[in-house]
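Biologist: Could you show me how to read some of the local features of a model like this one, taking each in turn?

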Amino acid sequence: MSPSPHTVGTLPAHRPAACPFDPPAELREARRHGPISRYTHPGGKPGWMITGYDLARSVLADPRFSSRKDLLNVVDFSLPPAPPGEFLLMDEPQHSRYRKPLVGRFTVRRMRMLTERVEQVTAEHLDAMAETGGPVDLVTAFAKPIPTIVICEILGVPYEDRPSFQEQIDAFMGGEVSDEELIAAYTATQEYLARLVAAKRANPTDDVLSELTAGDLTDEELKGISLILLAAGFDTTANMLSLGTYALLRHPEQLAALREDPTLTDGAVEELLRYLSVAKTFHRTALEDVELAGRTIEAGTTVVLSFHTANRDPERFADPDALDIRRTYDGHLAFSHGIHQCLGQQLARLEMRVALRALIDRFPTLRLAVPAEEVALRPETADIFGVKSLPVTWDEDQAVPA
Amino acid sequence: MTPSRVSVDRERCIGAGMCAVTAPEVFDQDPGDGLVILLDTDPTASRERAARTAAGVCPSGAITFREPGTAGS
Ligand code: HEM
Ligand code: SF4
């Protein structure tokens, strides 16, 4: 019999102060005991926590584990099924009904065709930053607006609607408003998307949402798809841009190497994805009893996968806690694995490569405008990790003109 | 006819594009449906390395290699 499992109590609440980019100490400790630990969900339900890379990957590829929202066994009341179109929290065959028609719109080639547009949007925001002379909050000046504009264009949100729309999604993704404000913003976004879908059906334009109206998806489903594209695509990328910049600023030798050698850009983006793993954790629920690393996961039990800890697994990555933009490796879990692996990953890569590169080229003296310890991080309870704001500045006479 | 060494299963493919990024000479994504297309069924040694990496990172297990010796059996 296997020795009794290590236990992680509740959700670890704090990251180590010395290195805010590392997973919480409790999870690192758990991994030292093996790839899987006992865990209690915040709602009190017993579950498991997976912190090993290989085990996480095999669970993600295993059809005996479900992504369904209504099967999540974490609180003591039952959750409703995912609304139509929100396929992140569905299993096959429903999942495919929504993912399949989208795949052709997010191919590597399609995303490359967007490169110029992403460059343009980035340049506009860098110009605006340069004009202020600094310091600026990189989150509001750069990290949030670029992915928001890109996803708005993909969805076909008309130009004049963007400011108010952005405010709404900011409120419901930012996580720092009251419950009432959150619900109000969420409802407003839903209503806006419903109107947008109706408008695209009546007058198709050149965007993904209009293209999708040609298929057999209902308006309700299209609204759900739009919401998931926004929810999954915007906050994640925004936080990778801001937290990624912060991580580079705190690793000056890595930043200098990247600045010197543009061919390191793609590798740096992969390494930042792995090292930061802003989409920290996801859930899967066992559909039947499953043996994992000598433990029995009983049918109906929900496991948490710590992508961040798995991406720091020393059995998979040499010196895993070092940020090393020259690292060569095949694969990480920042975009998950299996049938739910991020649909927008090629878009996210494109945005990060273009925007981070342009930022460091434009401002060779970019630096924090406050002491590093004062940079406020999102609480560990936020779904997506990141900085709340990132005050940066630069020497004006050193900025490279556009 | 020698059976091809690499094969893809378009039913399993979820169009994540990892193959097209990792081994662009061997895999592409169909411009219409976004699913994998095999460009080279029998990659040379230099392409094979990348193609094997692609098979390893493919999230849906849609790429398989037939090992020499077991081919066609
Ligand atoms: C750096 C930025 C991003 C990160 C770290 C990220 C991460 C992830 C992860 C980890 C998952 C899988 C969740 C699971 O296994 O249950 C996922 C799914 C998804 N992502 Fe992303 N994502 C990013 C950007 C984007 C963008 C830009 C889009 C926009 C189009 C997008 C759209 C989606 C969608 C639609 C899904 C659901 C896929 C499915 O269930 O089949 N993501 N993402
Ligand atoms: S990596 Fe796998 S899932 Fe992704 S496009 Fe290629 S074959 Fe399909």
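Biologist: Where is the place of Pro135(A), and what is the peptide bond from Gly134(A) to Pro135(A), cis or trans?

Modeller: Pro135(A) has its place in the loop between helix H5 (115-132) and strand E5 (136-137) of chain A, where helices are DSSP runs of H or I with at least four residues, strands are E runs of at least two, and both are numbered from the N terminus. Most peptide bonds are trans, but the bond from Gly134(A) to Pro135(A) is cis, with omega near -5°. Another cis peptide bond joins Glu92(A) and Pro93(A), with omega at about 0°, and Pro93(A) sits in the loop between E4 and helix H3 (94-103) of chain A. This is a predicted model, in which local features need pLDDT of at least 70 and side-chain atom pairs count only at pLDDT 80 or more, while totals for chains, interfaces and linings use all residues. Residues are numbered from 1 along each chain as its sequence is written, chains are lettered from A and ligands numbered from 1 in the order written, and side-chain values use heavy atoms, without hydrogens and water.

Biologist: How should I read a backbone phi, and what is the phi of Ser277(A)?

Modeller: Most residues other than glycine have a negative phi. Ser277(A), however, has a positive phi near 35°; this residue lies in the loop between H14 and E6 of chain A and is buried, with a relative accessible area of 1% (buried is under 20%, exposed over 50%, partly exposed in between, with a 1.4 Å probe and protein chains only). Asp319(A) also has a positive phi, near 45°, but its place is the loop between H15 and H16 of chain A, and Asp319(A) is exposed, with a relative accessible area of 57%.

Biologist: Which residues does His308(A) touch?

Modeller: Touching here means heavy atoms within 4.5 Å. Not counting residues up to four places away in sequence, His308(A) touches Ser277(A), along with others including Arg15(A), Phe21(A), Asp22(A), Arg274(A) and Lys280(A). His308(A) belongs to helix H15 (residues 307-310) of chain A and is buried, with a relative accessible area of 2%.

Biologist: In what order do the strands of the open sheet run?

Modeller: Two strands pair if DSSP finds at least two bridges between them. The open sheet has six strands in the order E1-E2-E3-E9-E6-E4 (chain A), with mixed pairing. Strand E1 (7-8) and strand E4 (65-66) of chain A stand at its edges with a single partner strand each, so one side of each has no neighbour in the sheet. Elsewhere in the order, strand E3 (residues 46-50) and strand E9 (residues 302-306) of chain A pair in the parallel sense over three bridges, and Ile50(A) stands opposite Leu305(A) in E9(A).

Biologist: How many cavities of 30 Å³ or more does a search of the whole structure find?

Modeller: Rolling a probe the size of a water molecule over the atoms shows where empty space is left. A cavity is a set of points, on a 1 Å grid over the protein atoms alone, where a 1.4 Å probe fits but cannot get out, and lining residues have an atom within 4 Å of a point. The search finds two such cavities of 30 Å³ or more.

Key:
On a 1 Å grid over the protein atoms alone, a cavity is a set of points where a 1.4 Å probe fits but cannot get out, and a pocket is an open set with protein on both sides within 12 Å along at least five of seven lines; lining residues have an atom within 4 Å of a point. Grid points are joined across faces, edges and corners, and a volume is the space filled by probe spheres set on the points.
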